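Reader: I am new to reading protein models. Could you take me through this one in short steps?

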Amino acid sequence: IPPCRDSRLFIRDLHFDGVPVRIYLPGEPSASKRRGVIFIHGGCGIFGSIRSYERICRYIATKSDSVVASVGYHLAPEHKYPAQTLECLTATVHFLKTAESYGVDPARIIVCGDSVGGTYTASVCQELGRRTDIPKIRAQVLIYPFLQALNFNLPSYQKNSAAAFLSRERTVHFILKYLNKDCSLKEPILAGSHVPESINLKYRKWINPDLIPDVFKLGYKPPLPTLFLPEVHEEVQELFEPWFSPLLAEDAVVCPLPDTCIVTCEHDVLRDEGLLYKKRLEDNNVRVTWHHVEKGFH
């Protein structure tokens, strides 16, 4: 369905190196080059679309007087992981290289995404952080991002385990649907049986309830030890890749990241992932702005 008319914006459906994109250009002339926003929508990688984020992208374009490029990556499971990350990366690189043709300053482009769109945003920025052949991304905006698949017993997962829309159980259900895996793996993954002790030890410095401020741990109960199941681990190797779990990226990848804005919500299973990534970025001297919505939900 083509975009509706908007007197304030020129809206066009394009392809950036084969990736569907809807671009929103403010109609008023500008004395200088505008800022650019690459917007990557959420939806667990299995639903959501350019059209379902139409109002949000129009709002960003008009309120910030920016050129917004909304990425219409193809959905899983028909398009297998990591096709979604690769398409977001392709669209971002294309926009960085061609920004001036849209009246955009290449030095003032941010990447923004919500939920799994935040995952793709984090992955794109990690992938491009050390490249010197294209303009640097000015900043990344992560709106309640999904960032790790090792620990589904963090305080926010316990507190919001039965939250509407994105419960603890539904989070893992969507992950398995996204990866086209058997949903019988859900219970052992929720328990943590997919993670060997060696990996738990390796990443404890980054994914650990002890790193979360006490104010967010009221009522938290450490889970009982669980039995590691090698057969489950073998089935879900993707969960341990930084493209899937950006919190697992090494410090050398995190250090060059651009200025970051992280939005978390109190009533959200993913709250603590944003808090943990905030700490990691700050520990690596990345400038972070953090907005926490106390009554917000996913």
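Reader: Which helix gives the largest share of the lining of the largest pocket?

Author: Keep in mind that this is a predicted model. The largest pocket holds about 630 Å³ of space. Its lining has 25 residues, and Asn 151, Asn 200, Arg 204, Pro 209 and Pro 223 lie nearest the centre. The largest share of that lining is four residues, and they come from helix 7 (residues 197-203).

Reader: How many cavities of 30 Å³ or more are there?

Author: A probe the size of a water molecule, rolled over the atoms, shows where empty space is left. The largest cavity has about 200 Å³ of space. With 30 Å³ or more as the cut-off, the count is one.

Reader: Which element gives the most to the lining of the largest cavity?

Author: The lining of the largest cavity has 16 residues, and those closest to its centre are Cys 44, Val 116, Thr 119, Phe 146 and Ile 175. Two elements give two or more residues each: helix 3 and helix 5 (168-178). The top contribution is four residues, and it comes from helix 5.

Reader: Is Ser 123 buried or exposed?

Author: Ser 123 sits in helix 3. Leaving aside neighbours within four places in sequence, its contacts are Thr 85, Pro 242, Trp 243 and Pro 246. Buried means under 20% relative accessible area. Ser 123 has 1%, so it is buried.

Reader: In what order do the eight strands of the sheet run?

Author: The sheet is open, and its pairing is mixed. Its edge strands are strand 1 (9-16) and strand 8, each of which pairs on one side only. From one strand to the next, the twist averages 20°. The order is 1-2-4-3-5-6-7-8.

Reader: What is the bridge partner of His 15 in strand 2?

Author: Strands of a sheet pair through backbone hydrogen bonds, either parallel or antiparallel. Strand 1 and strand 2 (residues 19-26) run antiparallel, joined by eight bridges. In strand 2, the partner of His 15 is Pro 20.

Reader: What angle does the direction of helix 10 make with that of strand 7?

Author: Helix 10 packs on the sheet. There it touches strand 6, strand 7 and strand 8. With the direction of strand 7, the direction of helix 10 makes an angle of about 150°.

Reader: How many of the 13 residues of helix 10 are buried?

Author: Helix 10 covers residues 271-283 and reaches 19 Å from first C-alpha to last, close to the 18 Å expected. Its buried residues include Leu 275, Leu 276, Tyr 277 and Leu 281. The buried residues pack against several elements, among them helix 3, helix 4 (155-159) and helix 9 (251-254). Helix 10 is largely enclosed by the rest of the structure, because the number buried is 10 of the 13.

Reader: What is the phi of Asn 180?

Author: Most residues other than glycine have a negative phi. Asn 180 lies in the loop between helix 5 and helix 6 (186-191), and it counts as exposed, at 54% relative accessibility. Although Asn 180 is not a glycine, its phi is positive, at about 60°.

Reader: Is Asp 65 buried or partly exposed?

Author: Asp 65 is in the loop between helix 1 (54-64) and strand 4. It is not a glycine, yet it has a positive phi of about 50°. At 35% relative accessibility, Asp 65 is partly exposed.

Reader: Which residue does a cis peptide bond join to Pro 77?

Author: Most peptide bonds are trans. Pro 77 is in the loop between strand 4 (66-71) and helix 2 (83-98), and Pro 82 lies in the loop between strand 4 and helix 2 as well. The bond from Tyr 81 to Pro 82 is cis, with omega near 5°. For Pro 77, omega is about 0°, and the residue joined to it is Ala 76.

Reader: How far apart in space are Pro 230 and Val 141?

Author: Pro 230 lies in helix 8 (residues 230-235). It is partly exposed, with a relative accessible area of 43%. Pro 230 and Val 141 are 89 residues apart in sequence, and C-alpha to C-alpha the distance in space is 36 Å.

Technical notes
Residues numbered from 1 in each chain as written. Predicted model: local features only at pLDDT ≥ 70, side-chain atom pairs only at ≥ 80, totals over all residues. Heavy atoms only, no water. Expected span 1.5 Å × (residues − 1). Buried < 20%, exposed > 50% of the residue type's maximum accessible area, 1.4 Å probe, protein only. Contact = heavy atoms within 4.5 Å. Pairing = 2+ DSSP bridges. Axes fitted to C-alpha atoms, helices over the stretch in contact; angles between N-to-C directions. 1 Å grid on protein atoms, 1.4 Å probe; cavity = no way out; pocket = protein on both sides within 12 Å on 5 of 7 lines; lining within 4 Å. Points joined across faces, edges and corners; volume = space filled by probe spheres on them.
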